[in-house]
Amino acid sequence: MPLEPSSRTLLEGLAEAGGPATHESTPAIARLGDMIAAGLSGPGPEVGSVQNVKLDGKGGAFRTRVLKPADTPQAIIVYFHGGGWVLGDIDLQYDHVGRHLANEACSTVVLVNYRKAPEHPFPTAVEDSYTALCWVADHAAELAPDGVPLIVAGDSAGGNIAAVMTQWARDKTGPRIDHQVLIYPVTDCAMDTESYLAPENQLMLDRDSMLWFWGHYLPDEAARTSPDASPLRAESLAHLPPALVYVAEYDPLRDEGVAYAHALRASGVPVTLREAEGQMHAFFQMANLLPGYDEGMRLVADHLNDFISSFDSKGPRRV
């Protein structure tokens, strides 16, 4: 279907405002856009409680935010935000996402403010995220009732991190992850798929911007083929948790998200694959701007609520 009209209007407004494209900016200048986006999306809804927790990563500290719903949480969701591993944070761009998700899925949501490239290049983001994931598992009794599912979720670069976390948890000492939600995830470094090259997909995110993001996150092109950076290239995707993979129709990342869903399914992992028709990359963070945000939040929350309602506790989280 055609690009959703509100998306076209937003893009036209950004073009009229001027300013350099992401790939023509420095990270510092590009990050100024986070403040603009926060003002446009507005604050999220009230939740039951908010707690900010600082964790010690390798070589430095980073923050997490624990958002609990007013009612008893029925799951714990660890959410990794997007932004190409360079942009985005849990204050300006993703606090409202976490709040909506906490309320709509009646779950404790832990937002992870992993450290960003280029100041903290690969593998800092995934190492910080795994530290946060293990902290959540070790403090699960403080976050939700015993036995509720532990879910990882993320969009774009955060979807990449969430996918990597499921592989690390499988191959290390845990924790046991019960479900994964990957929203237009980065799964491969090739940048040569049809969706990457299609002119109609060069919108909020384009191929030049992804080259810029990868260049800051992992300058060594050969090293990008590691499954810790490109989870689609893992030797095996077997024994990973069930997944929702949610892609956007007008998105350079669409094809690699679909490819990851198919690869998971071929490895015996239950997968639900959905496409947001008419939507472009980044719609999932644009509350009050794009109708795709509300539709996407409902889809994700409904999917999680269905999963949670049928979940049976599966034993200890750490091996």
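The following legends describe close-up views of a predicted protein model.

**Figure 1. Overall view of the predicted model.** The protein contains 10 helices and eight strands. Along its principal axes, the C-alpha trace spans about 55 × 45 × 40 Å. A compact globule of 319 residues would have a radius of gyration near 20 Å, and the value of 18 Å for the protein agrees with this. Buried residues account for 56% of the 319 residues. Of the contacts between residues at least 6 apart in sequence, 81% join residues at least 24 apart. The accessible surface amounts to about 12700 Å², and carbon and sulfur atoms contribute 52% of it.

**Figure 2. The aromatic pair W85 and Y217.** A pair of aromatic rings is described by the distance of the centres and the angle of the planes. The model holds 12 aromatic pairs. In the pair shown here, the ring centres of W85 and Y217 are 4.1 Å apart and the planes meet at 5°; because planes under 30 degrees apart count as stacked, this pair is stacked. The two residues come from distant parts of the chain, 132 residues apart. W85 belongs to the loop between β3 (76–80) and α3 (95–104), whereas Y217 belongs to helix α8 (residues 207–217). W85 is buried, with a relative accessible area of 0%. Y217 has a relative accessibility of 1% and therefore also counts as buried, the limit being under 20%.

**Figure 3. The aromatic pair W214 and Y217 within helix α8.** The ring centres of W214 and Y217 lie 6.3 Å apart with their planes at 55°, so this pair is tilted. Both residues are part of helix α8 and are separated by three residues, about one turn of the helix. An α-helix has 3.6 residues a turn, so residues three or four places apart point the same way. W214 and Y217 are both buried.

Figure 4. Helix α6 covers residues 157–171 and has 15 residues. From the first C-alpha to the last, α6 reaches 21 Å, close to the 21 Å expected at 1.5 Å a residue. The helix is mostly covered, with 13 of its 15 residues buried. The charged end of K172 sits over the ring of W168, 4.6 Å from the ring centre. The charged end of K172 also sits over the ring of Y130, at 5.9 Å from the centre of that ring.

**Figure 5. Helix α9 and its packing.** Helix α9 (residues 254–266) has 13 residues, which should span 18 Å at 1.5 Å a residue; the end C-alpha atoms are 18 Å apart, so the two values agree. Buried residues in α9 are R254, E256, G257, Y260, A261 and L264. The buried residues of this helix pack against α6, β6 (179–183), α7, β7 (243–250) and β8 (271–280). After α9 comes G268, which has a positive phi near 90°.

**Figure 6. N201 in the loop between α7 and α8.** N201 lies in the loop between α7 (194–197) and α8. With a relative accessibility of 1%, N201 counts as buried. Leaving aside residues up to four places away in sequence, N201 touches S195, E249, Y250, D251, P252 and R254.

Figure 7. Most residues other than glycine have a negative phi, and most peptide bonds are trans. Two cis bonds are shown: the peptide bond from A117 to P118 has omega near 5°, and the bond from F122 to P123 has omega near 10°. P118 is found in the loop between β4 (108–113) and α4 (124–138), and P123 also lies in the loop between β4 and α4. In the loop between β6 and α7, Y184 is found, with a positive phi near 30°. Y184 is buried, with a relative accessible area of 1%. M191 also lies in the loop between β6 and α7 and has a positive phi of about 60° although this residue is not a glycine. At 5% relative accessibility, M191 counts as buried.

**Figure 8. An aromatic cluster that includes Y184.** Y184, Y246, F283, F284 and Y293 together form one aromatic cluster.

Conventions:
Residues numbered from 1 in each chain as written. Predicted model: local features only at pLDDT ≥ 70, side-chain atom pairs only at ≥ 80, totals over all residues. Heavy atoms only, no water. Helix = DSSP H or I, 4+ residues; strand = E, 2+ residues; numbered from the N terminus. Expected span 1.5 Å × (residues − 1). Buried < 20%, exposed > 50% of the residue type's maximum accessible area, 1.4 Å probe, protein only. Phe/Tyr/Trp six-rings, centres within 6.5 Å; stacked < 30°, edge-to-face > 60°. Lys NZ or Arg CZ within 6 Å of the ring centre and 35° of its normal. Rg over C-alpha atoms; globule rule 2.2 N^0.38 Å. Contact = heavy atoms within 4.5 Å. Areas by Shrake-Rupley, 256 points an atom, 1.4 Å probe, with all protein chains shown as cover.
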